[in-house]
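Q: Could we go through how some helices pack in this structure, and then turn to the contact between the chains?

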Amino acid sequence: MKTNKNTIYDIAIIGAGVSGCMIAREMSMFDLNICVLDKAYDVSSGASKANSAIVHAGYDPIPGTLKSKLNARGAKLMKTAVKELEVEYKVLPSLVLAYDEEQMNTVLALKERADDNGVSVKTISREEVLTIEPMLNPDVVGALYADSAIVCPYGLTIAAAENAAKNGVEFKLGYEVSRIETHESLFIINDDIKTKYIINAAGVNSAEIASLIGDLSFSITPRRGEYMIYDKQNLCVNSVLFTVPTKLGKGVLITPSVSGNMLVGPNAQVVQSECDIQTTSEGQNFVFENAKRIIPSLTKRGIIREFAGIRATPSGDDFIIRFSEISSKFLHVAGIESPGLASSPAVAEYVLELLKNSGLRTIPKKSSTRYRKQIRKISEATAEEAAEMIAENPLYSHVICRCETISEAEIVEAIHRPIGARSVDAVKFRTRAGMGRCQGGFCSPKVAEILSRELNIPLSEVTQFGGNSKILCKKQ
Amino acid sequence: MNLNKSLVVVGGGPAGLAAAIAAKENGINDVIILERGSCLGGILNQCIHSGFGLHAFGEELTGPEYAGRYEEKAEKLKVDYLTDTMVLSVSHDKTVIAVSKEKGLLIIKAEAVVLATGCRERTRGAINIPGTRPAGVFTAGTAQYYINMIGNHVGKKAVILGSGDIGLIMARRLMLEGAKVEMVLELLPYSNGLGRNIAQCLEDFDIPLMLSHTVIGVSGKERLEGVTIAKVDDRLLPIPGTEQFIECDTLLLSVGLIPENEIATGAGVELSPITGGAVVNENLETNIEGVFACGNALHVHDLVDYVSDEAARAGKSAAAYLNGDKKESSQYKTIITKNGVRYCVPQKIGTLTPEIPLFFRVATPSQGSTILIYADGNVVYKKREAYLTPSEMQMVKLSDETCKKLNEAKEITVELNTK
């Protein structure tokens with residue numbers, strides 16, 4: 001879609017996280033002029049890239065809330081979305097583990113809540129738990145069992161964004177929204193973007209964005225969660241393992257990731273700044289000690305990476321998806337903390353309904369597609385497929401990331417796709433190059449060289465994740 | 001492309017080169033080296049400092065020179081090799097699947113395989129340094145690649161964590177590139193580097209070596225802005241109140257090497273939890289018949305000279321296996337290591353001969369300890385060492401007579417007497 005200074009967008013979505021991108025994708029099925037704005041240099045740069053990556057079954061939210069409605073619906077829609085978008089997704093059981101009678105009572109209460117939410121779960125005995133998870137602490141007394149799933153959260157976000165971009169949605173990254181003015185029936189963002197609707201999907205910054213139009217109806221508390229990732233060879237669980245939830249959240253969990261690593265975390269620490277994604281020794285110890293209660297034999301050996309993400313905890317316990325009281329064309333999609341990932345397809349569907357009901361004309365766009373192909377991976381190809389891929393594109397035979405077996409072809413494609421990778425991390429999140437046990441020790445310079453070549457920029461300008469995160473410095 | 005080969009050597013670094021040369025010299029013509037890099041020589045190519053070859057050649061060579069000696073020899077012997085070729089898997093029946101920039105997909109049916117895949121560096125994640133995650137935190141080897149291989153500059157003001165040889169060498173390298181190295185930190189109360197490197201890389205450049213110190217925090221949003229360091233106690237835990245903020249734009253980590261054994265694992269090779277490399281017998285053969293391991297993929301060495309020596313034995317063993325004159329050792333005994341001996345390679349022996357050295361490492365530094373080897377509880381080897389340190393690999397060669405005693409014994413033990 002060709003746009004210029006005078007373009008009037010139908011919708012500007014602020015925030016290119018999983019909510020923003022899934023909404024963009026849903027709305028891109030219609031003949032609408034849409035842009036997505038994010039201050040980060042890539043999509044999926046906030047909570048969407050740093051979370052537990054679980055498609056929660058939907059038993060947990062309080063019945064009657066928006067969370068409960070969208071979680072169950074989202075988990076269902078997710079199955080279709082991941083097929084259409086070719087996103088890594090895996091069905092597996094989730095267990096909420098009880099270690100004493102009191103905790104078992106909580107499990108039973110969760111079971112009742114699940115029934116109210118219409119989500120099928122069952123309680124299982126100690127023996128059944130230990131059959132599924134032999135490594136578990138034998139003190140376990142029972143568990144809540146649910147059919148659950150895991151998904152690649154940034155994979156989903158990037159896929160949705162690529163799909164939306166293919167359907168004509170414009171992405172403006174590294175674009176910080178600092179002013180919103182209202183002129184007749186239009187919003188003007190930062191003096192340069194005119195739009196009829198604004199969708200505020202700005203995650204931890206959504207209250208700030210709301211305040212730009214004078215809407216102070218909610219606040220967001222940034223809550224940091226720290227995680228650790230284990231090497232694939234240290235994966236020792238088959239399901240998502242929760243301890244019983246407390247007021248602070250779902251607690252420390254252990255889960256396989258879609259790539260076969262093991263993810264452990266999070267803690268829940270209220271922080272002052274929404275940018276404070278540092279890891280701390282206290283947080284890491286807390287996570288480790290709690291994880292050790294689930295699997296007593298767990299050691300720190302095999303940890304390859306630590307990270308932290310910020311959850312956007314809203315005032316009031318529910319998702320905030322409604323039009324602003326200040327403006328009927330300003331739609332909040334805020335406070336999307338857990339189970340926000342699981343809910344995201346349903347959030348998009350719900351937003352579509354709200355927009356339709358508000359009078360937005362939605363004429364299906366013939367040229368739009370719901371399908372997006374993933375980058376073909378040499379590591380997942382059979383010998384015959386690999387031979388054919390290499391014949392088609394010889395760069396498939398040049399392996400750049402040794403740990404994850406990622407070829408040059410995959411990296412080059414990640415750079416040249418819609419919303420192409422512009423940094424070493426952007427390549428990493430699209431291909432997994434650098435996500436293995438050497439954490440980019442061998443491949444990051446090669447990836448930087450490929451970025452420099454493909455984007456025709458000096459190597460010294462290549463960044464880790466945009467902005468001033470330059471990897472090298474110029475010689476004096 | 002489908003091929004049949006007598007011997008496939010995975011890796012064309014110093015270990016792979018020496019193994020392939022030895023195999024060829026021992027009558028195996030049909031050898032091929034598969035190297036993932038764009039040229040032979042492995043990590044030596046970026047080690048442009050000198051200090052290699054003192055044992056092997058009696059002279060001081062740079063890394064590329066040392067590799068060059070072996071490359072020339074391989075060339076002369078017409079050892080076949082492919083670069084830019086990544087082995088994806090080796091199956092239990094020794095089918096090697098690789099992708100090659102030049103040849104595309106390769107499926108090689110091998111009769112024997114030597115794994116010489118080298119090692120990788122431990123990372124920030126592995127040692128769990130808290131803080132933000134900005135650009136400017138490198139492993140020493142990655143920084144070395146940027147500087148020595150592609151002529152770039154990683155930063156202006158650096159702190160280095162880890163005083164192993166790579167950390168020391170990189171401290172000097174950064175100074176020569178015009179950067180300022182604020183300090184080299186070492187978690188342990190002693191350095192793991194060679195004495196000559198401490199003198200030539202730190203003392204000559206007035207770089208402070210801070211023992212019993214570590215990095216406890218990384219700061220900076222986009223590019224590194226500084227690190228918080230602290231002194232550590234006897235249990236290596238940071239001592240509260242000793243924290244100091246050091247402004248820097250670069251943090252280099254030289255915090256250990258780990259053998260790379262993904263291909264070995266895929267083939268079903270048994271690994272040692274202590275070395276991270278394969279469990280091998282005196283022929284450097286793994287639990288899979290005809291699959292051998294050597295070099296830093298087997299266990300991390302201090303000197304490349306020892307890598308070449310060990311790898312040549314692996315090549316020779318592979319040749320013997322292929323020539324059918326391998327001595328059958330029906331009974332392998334696991335060498336028991338205790339009292340300060342962390343590991344011993346080989347881990348198992350059937351028939352030991354005087355030319356096969358035992359390599360081991362001690363757990364802690366000690367003075368005046370005695371290395372003891374027992375056969376069924378009787379001391380068969382005894383040597384007092386003035387100074388032993390975990391950073392120095394110990395090599396013991398045994399006499400004919402001692403070997404005989406060990407070969408006849410049911411139980412072999414290596415230990416340290418620190419009295």
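Helix packing and the chain contact

A: The crossing of α10(A) and α11(A) is right-handed. The model is a predicted one.

Q: Which residues make that contact between α10(A) and α11(A)?

A: From α10(A), the contact uses Glu410(A), Ile411(A) and Ala414(A), and from α11(A) it uses Val427(A), Arg430(A) and Thr431(A). By class, three of the residues are nonpolar, one is polar and two are charged.

Q: At what angle do α10 and α11 of chain A pack?

A: The angle is about 110°, and the axes of helix α10 (residues 408-416) and helix α11 (residues 424-431) of chain A are 9 Å apart. The two helices, α10(A) and α11(A), are therefore roughly perpendicular to each other.

Q: What about α2 and α8 of chain A: how do their axes cross?

A: Helix α2 (residues 66-85) and helix α8 (residues 340-357) of chain A cross at roughly 95°, with axes that come within 6 Å. Therefore α2(A) and α8(A) are roughly perpendicular to each other.

Q: And which residues of α2(A) and α8(A) meet?

A: Among them are Leu70(A), Gly74(A), Leu77(A) and Met78(A) in α2(A), and Pro345(A), Val347(A), Glu349(A) and Tyr350(A) in α8(A). This contact of α2(A) with α8(A) has 10 nonpolar, four polar and two charged residues.

Q: Changing topic, how many residues does each chain give to the contact of chain B with chain A?

A: Chain B gives 38 residues and chain A gives 42 residues. On the side of chain B that touches chain A, the largest share, four residues, comes from α4(B).

Q: What classes do the residues on that side of chain B divide into?

A: They divide into 15 nonpolar, 15 polar and eight charged residues.

How values were computed: Residues are numbered from 1 along each chain as its sequence is written. Chains are lettered from A and ligands numbered from 1 in the order in which they are written. This is a predicted model: local features need pLDDT of at least 70, side-chain atom pairs count only at pLDDT 80 or more; totals for chains, interfaces and linings use all residues. Axes are lines fitted to C-alpha atoms, for helices over the stretch in contact, and angles run from 0 to 180 degrees between N-to-C directions. Angles under 35 degrees count as roughly parallel, over 145 as roughly antiparallel, 65 to 115 as roughly perpendicular and the rest as oblique. A crossing is left-handed if the near helix is turned anticlockwise from the far one by less than a right angle, and right-handed if clockwise. Two residues are in contact if their C-beta atoms, placed from the backbone, lie within 7 Å. Ala, Val, Leu, Ile, Met, Phe, Trp, Tyr, Cys and Pro count as nonpolar, Asp, Glu, Lys and Arg as charged, and the others, Gly among them, as polar.
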